[in-house]
Amino acid sequence: MADAEEPEKKRRKIEELTEKMAVDGGHGDSGDWDGRWNHVKKFLERPGPFTHPDFEPSIESLGFLLETCKILVIGAGGLGCELLKNLALSGFRHIHVVDMDTIDISNLNRQFLFRPNDVGRPKADVAADFVNNRIPGCKVVPHFNKIQDFDESFYRQFHIIVCGLDSIIARRWMNGMLISLLSYNDGVLDPSSIIPLIDGGTEGFKGNARVILPGMTACIDCTLALYPPQINFPMCTIASMPRLPEHCVEYVRMLQWPKDEPFGEGVGLDGDNPEHIQWVFQRAHERAADYNITGVTYRLTQGVVKRIIPAVASTNAVIAAACSTEVFKMASSAYIPLNNYLVFNDVDGLYTYTFEAERKENCSACSQVPQDLQFPPSAKLQEVLEYLTENASLQMKSPAITATLEGKNKTLYLQTVASIEERTRPNLCKTLKELGLSDGQELAVADITTPQTVLFKLKLTS
Amino acid sequence: SKRTMAVTKASKDQKYDRQLRLWGDHGQEELENAHVCLINSTASGTEILKNLVLPGIGAFTIVDGHKVSGQDVGNNFFLSNNSIGRNRAQAATELLQELNTDVSGNFVEEVCVFNYEHTCLRLGSVLWNANIPFLVCRTYGLVGYMRLVVKEHTVIESHPDNALEDLRLDQPFAELKNHIQSYDLEGMGKKNHSHTPWIIIVAKYLEKWFSEHNFQFPKNYKEKEAFKQLIRQGILKSEKGTPEDEENFEEAIKNVNTALNPTKISSGVDDIFNGEQCNDITSQTPAFWVMTRAVREFVHNDGGGNLPVRGSIPDMIADSEKFITLQNIYREKAMQDASVVSKHVESLLQSVGKVCETLFCKNAAFLRVVRCRSLVEEYSVETVNKDAITSCMDSADGEMVLYLMLRSVDRFYQQHSRYPGVYNYQVEEDISKLKLCVNSLLQEYSLNVNVKDDYIHEFCRYGASEPHTVASFLGGSAAQEAIKIITRQFVPFNNTFIYNAMSQTTATFQL
């Protein structure tokens, strides 16, 4: 018995050592140290009962993450910093990051790739430098740009795009861009044209993370109703009936500043300029005193002017982590991805809710169903404009409307270029009939919320 | 110098601005006076600390006797490959310290033999007796786990989402009653009529309703609808007889349902009032209980069974003067009530500070007390929470099975001095060994539940790995719970939290 045991023990010992090397070794040629990817490899190289049906354990998978997989991170702020760290420590090396902002001191409580000396520098650049230095082999490529600076050829190169944006408009634009990349063969969606979009958002102690497969699952616009519109106080309250300290600040911002032009002609209110904020604060305080309103502080003033959303490191960490886990699952097919929306709130204990957001049948962004606009011929163009901006499912910001009339492309109204706005403004008071629009006419609408024009079919009701 | 201090304060205010808007300057002060201890600078550990260092915790100490391994560097942002072989606590302290110069970090090289159960129970007892909050966190494969162990944690500022207003329309105090009387809706001109606060409108129409309904409140859906109609009839009409656009009346109608909520003390707050600590006030009694007792005295002697008036009203359509005057009626009553509470505090024992009392009264309706069971109670056969475990296991794929698996892998460690499936060749053969551990666990606690084989396989597959993204999720979660304990704002969980990264779901159990 003893004799038989010895060779068996020996065999095991050798196996363990070889195992150890296999587990701890990894890719010798990429300059990695022993054991570097141990935590990751268990999910790439071992079969399991809960893996995605398409999952094949393989020692090549790590190579795909390290050498081939290309991820785009949008935003290098609270979520972006966390995303870059998480992706780098999960084996991703080819990462691009886009952010149009520079670093502000108020970012430092959570955007941990930045230091006081970095204030004023582009976020994307500093974030990329930090991660590339801290995580050997990682090659984050920064882009100090707006997302709108790039076109399809840029976005098409990525396997997965993950967003840590602070604006719904930007999200919708990104959403629209990926939808425009979809190709259909005989009405059937070509799966290879889908670039998954993983989107995270946070506000104070609340956050959400979602997985979007453009053309297949609910997109940003499908669930627009989940994003409540911003609170804007009524003008009459601000102008003549203030009750809250916020009303007093808005009065100074919207009415007194344009009138007094305290820092020179045409000098707009800059929320990041402490002198500007101080000016607004003092006058808002005076106004409040006139009405016996208490509570105007510098902090409140700044919060109202800049529409500040409170933020902490912890919520950003949680949401970015959830998003990064999904990126990993997508890239490795290791598990079935989140289907498809996670909500998080840790005000009272920790609360999460996971559900499947449904596609909207007639979504203006992803449904390919032509959008109808129903108006009587006597309706003014102004009403159409209001519908485009106020309708909960459209929520456009400053739509530009064009139509093909008598074979020519005619701009009916455009707000974003002053000279054209002036020229087309009279059209707002004209009726659709007066403008020469007919039933079934196609109207092309361009807006900041979408990279592609949205086509509407005009239905003239009687 | 004074100037340097002022400059430092100003730049700290700027740096921490976004979080000061959540927990205020007083919360920040608590944070900056706090000292936390992290045991084992694993990825989960350093991620937790990162989320405490960034917001400016006073100090941290890392206790860890391990040497940095190649594997450690692979999943930990605060260990670099040139620290391989060095003490892990020291290496992590350096990179965490670098995040924020306001924070003081240090380390102790001490090995905690991590037989989880054994070590946690021993440490847990020491901390329990010393009244030091203990947060156990671990990442095991795609599972995150947190256990909060704190004997009693009181919260004044719980910051509830969607709190009901305290308008007292069912029991208007004298000053409010007089103020309502001063309005004559019928005799008002249009401008005043359209800018009368909805609170006044509801109050006036309530008086009308009373006189027609034998002093009974609108009780059911039908009566509330009728009440709303009564208000609607009060909307001014134009010369042609069509109703004018009176937004304040629409507001009144919209708010009828909540406005008619009876003023009463919630059962949660009632329980707090009936707490033991509330009865025996001594010089050792914490301020929270002294104030609770004072408010209780107020409720019974001065408040007619009600808490001190909160003093805030929501914004509503009204002209400035009417709104501010009404708001001040509530505010002044709240201040009056707070000073009566103050007198009770004085007569009870000690002065706890003026600011504290006003804050307490404002939040009296939202007080919370969290008491966690000790680890001994959780692990002891006599006191294990069998009901919670068994009923949660009705959904066999919920998070409870993950808890049982974590307990089981600890048993495996006790028996084999290692975790299951660390090396590839072990995965298959450890499944049956782990299953034995699961069964012995279930048997020991007489748990008549079934743990699917799939989970046993999955936990062997994990091989005690700690993927960074899961550690990071836990890091964010745990750090915020620590901040809640330190600042005494917002409400901590009680007492076991499980995160399942496969399904992106979580659950909280009281074990």
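Author: Let's begin with B:Leu38, whose bridge partner in S2(B) is B:Ile62. You're looking at a predicted model, where local features need pLDDT of at least 70 and side-chain atom pairs count only at pLDDT 80 or more, while totals for chains, interfaces and linings use all residues. Residues are numbered from 1 along each chain as its sequence is written, chains are lettered from A and ligands numbered from 1 in the order in which they are written, and side-chain values use heavy atoms, leaving out hydrogens and water.

Back to our pair. S1(B) runs parallel to strand S2 (residues 59-63) of chain B, and five bridges join the two. (Strands are DSSP runs of E with at least two residues, helices are runs of H or I with at least four, and both are numbered from the N terminus; two strands pair if DSSP finds at least two bridges between them.) Step back, and S1-S2-S3 is the order of an open sheet of three strands in chain B, paired in parallel. Its edges are strand S1 (35-39) and strand S3 (104-108) of chain B, each of which pairs on one side only. On average, neighbouring strands here are turned by 20° against each other, direction ignored. Helix H5 (residues 88-97) of chain B packs on this sheet, touching S2 and S3 of chain B, and its direction makes about 175° with that of S3(B). Touching, or contact, means heavy atoms within 4.5 Å; axes are lines fitted to C-alpha atoms, for helices over the stretch in contact, and angles run from 0 to 180 degrees between N-to-C directions.

Chain B has another open sheet to set beside that one: four strands in the order S4-S5-S8-S9, with antiparallel pairing. At its edges sit strand S4 (134-140) and strand S9 (505-509) of chain B, each pairing on one side only. The twist from one strand to the next averages 10°. Seven bridges hold the antiparallel pairing of S4(B) with strand S5 (residues 143-149) of chain B, and B:Met146 in S5(B) is what you find opposite B:Cys137. Two helices lie across these strands. Helix H6 (residues 116-129) of chain B lies across S4 and S5 of chain B, at about 160° to S4(B). Helix H19 (residues 400-416) of chain B lies across S4, S5, strand S8 (496-500) and S9 of chain B, running at about 90° to S4(B).

The peptide bond from B:Asn494 to B:Asn495 is cis, with omega near -5°, and B:Asn495 belongs to the loop between H22 and S8 of chain B.

Now follow H22 itself. Helix H3 (residues 43-53) of chain B packs against helix H22 (residues 468-487) of chain B at an angle of about 45°, their axes 7 Å apart. That's why H3(B) and H22(B) count as oblique to each other: under 35 degrees is roughly parallel, over 145 roughly antiparallel, 65 to 115 roughly perpendicular, and the rest oblique.

Finally, a peek at the partner chain: 82 residues of chain A are in contact with 88 residues of chain B. In chain A, helix H4 (residues 78-88) and helix H12 (residues 313-332) cross at roughly 45°, and their axes come within 9 Å. H4(A) and H12(A) are therefore oblique to each other, and H4(A) passes H12(A) in a right-handed crossing. Chain A has a cis peptide bond too, joining A:Asn339 and A:Asn340 with omega about -10°. A:Asn340 is in the loop between H12 and strand S9 (341-345) of chain A. A:Ser333 has its place in the loop between H12 and S9 of chain A, and its phi is near 55°, a positive value in a residue other than glycine.

Terms used:
A crossing is left-handed if the near helix is turned anticlockwise from the far one by less than a right angle, and right-handed if clockwise.
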